[in-house]
Amino acid sequence: MSSPAFSSALADAAAVRGQLNTWLVEHAYPLWWEAGADRLHGGFHEKLGLDGKPTNDPRRARVQARQVYAYSVAAKSGWNGPVREAAEHGLTFFLNHYRRPDGLFRTKVAPDGGCLDDTVVLYDQAFALFALAAAQGAAPENRVPEEMAVAVRQRLLDTLHHAQGGFEESHPRTLPLLSNPHMHMLEACLAWMEQGGDGGWRELAEEIVNLALTRFIDGQMGGLKEYFDGDWRPQAGTPGRIVEPGHQFEWAWLMLRWSALTGSQAAADAAWRMIAIGEGPGVDRRRGVAMNALLDDMTPHDPVARLWPQTERIKAAALAALATRDDADRSEGYWAMAAAGGRGLMTYFDTPVQGLWRDRLNPDGSFVEEAAPASSFYHIVCAIQELDRALATIGHP
Ligand SMILES: O=P(O)(O)OC[C@H]1O[C@@H](O)[C@@H](O)[C@@H](O)[C@@H]1O
């Protein structure tokens, strides 16, 4: 029962959290382990069809890594399935089939683990680091994941480091440069800092935060952009004008975490502005969801709403509510945002087989009929756990 001292928006957010968590533990975790794990070849399927059966799609490195994370933290949500077995099932396949002789990770393999694309993609390296941090957290006595992660970090700094900070996409250079993999690199650095990793994680995190504050974010508009030329200037034409609401939320969540760790006011200020964009022009009130993309004049660019921006809306809102807890009115607004984000997310869970999700909501309110991508599970798990953690921190049951 919620105490009368708690606001109604907060109680509402807690009620939504309860529904989300029930769905997660009773339907999603069991389904993505029972049907989503490949007992024959190992690893996890890339997608489950709307009938709950696996599709035979090629497997992206990021998806395996994300599933390792999702199952590593499953016990925190109260799933009492074989947490460790599930996480190890994913990690074994990932290390056996994606790890290259140079210690970096290839981008894609076939369902049987055969190499389909040996390319090193920066985004995938970030998720490899993230999964290794999750593995470290699940089995702290084994230091192998840390050794592997430090080697990956060093190799990236040796081969892809950009003179003005951050990373190239590849060597030899391909353009545009992208902010997005840096977001996940920052997420991985924070995960390693939480695991007690060496000072290199903090240094790299700081470099990425500074790059975001000085280059990725447009100081006038306050929004963070996606595509850049070789000197970290927004790319010419439309790509350089794209502002994704989901990324405003996701970066804001990371910036608030960074600010809480370091006291950085600049990071917090950037977060408030990004949240205002995401939650203002970024949300279509009619459908109750965050859209895929705006342009820098705040007009919709891609009004389709994928699932993942909804999870990022929840994460940003939960942490913002926590960070403003001494200012009742502000905090109340963020709890309301978290509740609205949670409701928006739940509309994606209305599927013939419970535990699956829809991925794309059209402007007319219909969903695209398609298989459920496993890639979204990590987003969903993290959002529900962040909401839960924020509520627990302020003492809400
Ligand atoms: O597109 P998938 O693989 O489902 O990932 C979902 C999304 O995750 C977010 O964190 C961002 O990195 C997006 O750019 C990405 O599209």
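I began with the terms: on a 1 Å grid over the protein atoms alone, a pocket is an open set of points where a 1.4 Å probe fits, with protein on both sides within 12 Å along at least five of seven lines, and lining residues have an atom within 4 Å of a point. Grid points are joined across faces, edges and corners, and a volume is the space filled by probe spheres set on the points. I noted that this is a predicted model, in which local features need pLDDT of at least 70 and side-chain atom pairs count only at pLDDT 80 or more, while totals for chains, interfaces and linings use all residues. Residues are numbered from 1 along each chain as its sequence is written, and side-chain values use heavy atoms, with hydrogens and water left out.

**Entry 1: the second largest pocket**

I looked up its volume and got about 520 Å³. I found 26 lining residues, and those closest to the centre are Arg60, Tyr123, Arg306, Trp308 and Asp359. Two or more lining residues come from each of α2, α6, α8 and α10 (308-323); helices here are DSSP runs (H or I, at least four residues), strands are runs of E (at least two), and both are numbered from the N terminus. The largest share, 3 residues, is from α6. By class I wrote down 7 nonpolar, 7 polar and 12 charged residues. In this scheme Ala, Val, Leu, Ile, Met, Phe, Trp, Tyr, Cys and Pro count as nonpolar, Asp, Glu, Lys and Arg as charged, and the others, Gly among them, as polar.

**Entry 2: the ligand**

Which pocket does the ligand sit in? I found the ligand in the second largest pocket, where sitting means that more than half of its atoms lie within 2 Å of the grid points. The residues around the ligand (a heavy atom within 4 Å) include Arg60, Asn180, Met183, His247, Arg306, Trp308 and His379. For this shell I noted 3 nonpolar, 5 polar and 4 charged residues. Helix α6 gives the most to the shell, with 3 residues.

I then checked polar contacts, here pairs of N or O atoms within 3.5 Å. A side-chain N or O atom of Tyr123 is 2.6 Å from an oxygen atom of the ligand. For His184, the distance from a polar side-chain atom to a ligand oxygen is 2.7 Å, and for Glu250 the corresponding value is 2.9 Å. The protein covers 88% of the 370 Å² of accessible area that the ligand has on its own (Shrake-Rupley method, 1.4 Å probe).

**Entry 3: the largest pocket**

I computed a volume of about 740 Å³ for the largest pocket. Its lining has 27 residues, with Tyr69, Lys76, Glu194, Arg257 and Glu386 closest to the centre. Elements giving two or more residues to this lining are α2 (61-72), α4 (122-138), α6 (180-194), α8 (245-262) and α12 (377-393). I counted the lining by class as 14 nonpolar, 6 polar and 7 charged.

**Entry 4: the backbone**

Most residues other than glycine have a negative phi, and most peptide bonds are trans. I looked for exceptions. His171 and Pro172 are joined by a cis peptide bond, with omega about 0°. Leu175 and Pro176 are also joined by a cis peptide bond, with omega about 5°. Pro172 is in the loop between α5 (144-160) and β5 (177-178), and Pro176 lies in the loop between α5 and β5. Trp232 is not a glycine, yet has a positive phi of about 60°. I placed Trp232 in the loop between β6 (227-228) and β7 (242-243).

Notes
A polar contact is a pair of N or O atoms within 3.5 Å; within protein, one must be able to donate a hydrogen and the other to accept it, and residues adjacent in sequence count only if both atoms are side-chain atoms.
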